[in-house]
Amino acid sequence: EPEVTQTPSHQVTQMGQEVILRCVPISNHLYFYWYRQILGQKVEFLVSFYNNEISEKSEIFDDQFSVERPDGSNFTLKIRSTKLEDSAMYFCASSLSPYEQYFGPGTRLTVT
Amino acid sequence: GDSVTQMEGPVTLSEEAFLTINCTYTATGYPSLFWYVQYPGEGLQLLLKATKADDKGSNKGFEATYRKETTSFHLEKGSVQVSDSAVYFCALSDPGGGADGLTFGKGTHLIIQP
């Protein structure tokens, strides 16, 4: 069964550094998303991406964040200058329609 | 804006007990409703879904019915197993209301004791 994959599974970085989180969505899916889950809290929507552009973003997704689909398979989330409060699990998701999203296993980002 | 409220946990049950996890929602459009499950150390897995009123989603013995009149989508299972121990998230998708992303509840931690 096709699945969403994410790399790395765990990323440790120092405050102020740039990080890129990578995702390979399910191959025929058209909609792509990033979410985050701070430890012990609920999953929060960050951004959705369709037709090579951002279709929606939340208040969390400020100028420090950017997304890109550099080729036909990868979908990346970049955090320009990490802060301690960016420490969280980041989930990528993809869907064929807006109604049913499939999630990857997540990347745990630890900012020290 | 859209929101999802679900019962706080942890919920502790004995094996073979009946499970109900309550979920209610508010939405501006006509949302689709989902239950996701997160096992320890893993990502989110779609458990079941319902896309319109009175639909019943079911999977692995779990069921939930989309009740528009009470804006609810309660998760039920007749006989839980130790392997059902996980965190369960109720979520909605409301693209018609202008929101692409899923709105999640806070999650309910379910603990099943043998």
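In chain A, four strands form an open sheet in the order β1-β3-β8-β7, with antiparallel pairing. The model described here is predicted. The edge strands of this sheet are β1 (5-7) and β7 (65-68) of chain A, each of which pairs on one side only. From one strand to the next, the twist averages 20°. The antiparallel pairing of β1(A) with β3 (residues 19-24) of chain A runs over 3 bridges. Gln6(A) has Cys23(A) of β3(A) standing opposite.

Chain A also meets chain B: 18 residues of chain A are in contact with 20 residues of chain B. About 1600 Å² is buried between the two chains, and carbon and sulfur atoms give 56% of that area. On the side of chain B, Leu44(B), Asp100(B) and Phe104(B) lose the most area to chain A, and together they account for 33% of what that side buries.

The elements of chain B that give two or more residues to the side touching chain A are tabulated here.

| Strand of chain B | Residues |
|---|---|
| β5(B) | 32-38 |
| β6(B) | 44-50 |
| β10(B) | 86-94 |
| β11(B) | 99-104 |

β11(B) gives the most, with 5 residues. By class, the residues on this side of chain B are 9 nonpolar, 7 polar and 4 charged.

Terms used
Residues are numbered from 1 along each chain as its sequence is written. Chains are lettered from A and ligands numbered from 1 in the order in which they are written. This is a predicted model: local features need pLDDT of at least 70, side-chain atom pairs count only at pLDDT 80 or more; totals for chains, interfaces and linings use all residues. Side-chain values use heavy atoms; hydrogens and water are left out. Contact means heavy atoms within 4.5 Å. Buried area is the accessible area (1.4 Å probe) that two parts lose on being put together, summed over both. Ala, Val, Leu, Ile, Met, Phe, Trp, Tyr, Cys and Pro count as nonpolar, Asp, Glu, Lys and Arg as charged, and the others, Gly among them, as polar. Two strands pair if DSSP finds at least two bridges between them. Axes are lines fitted to C-alpha atoms, for helices over the stretch in contact, and angles run from 0 to 180 degrees between N-to-C directions.
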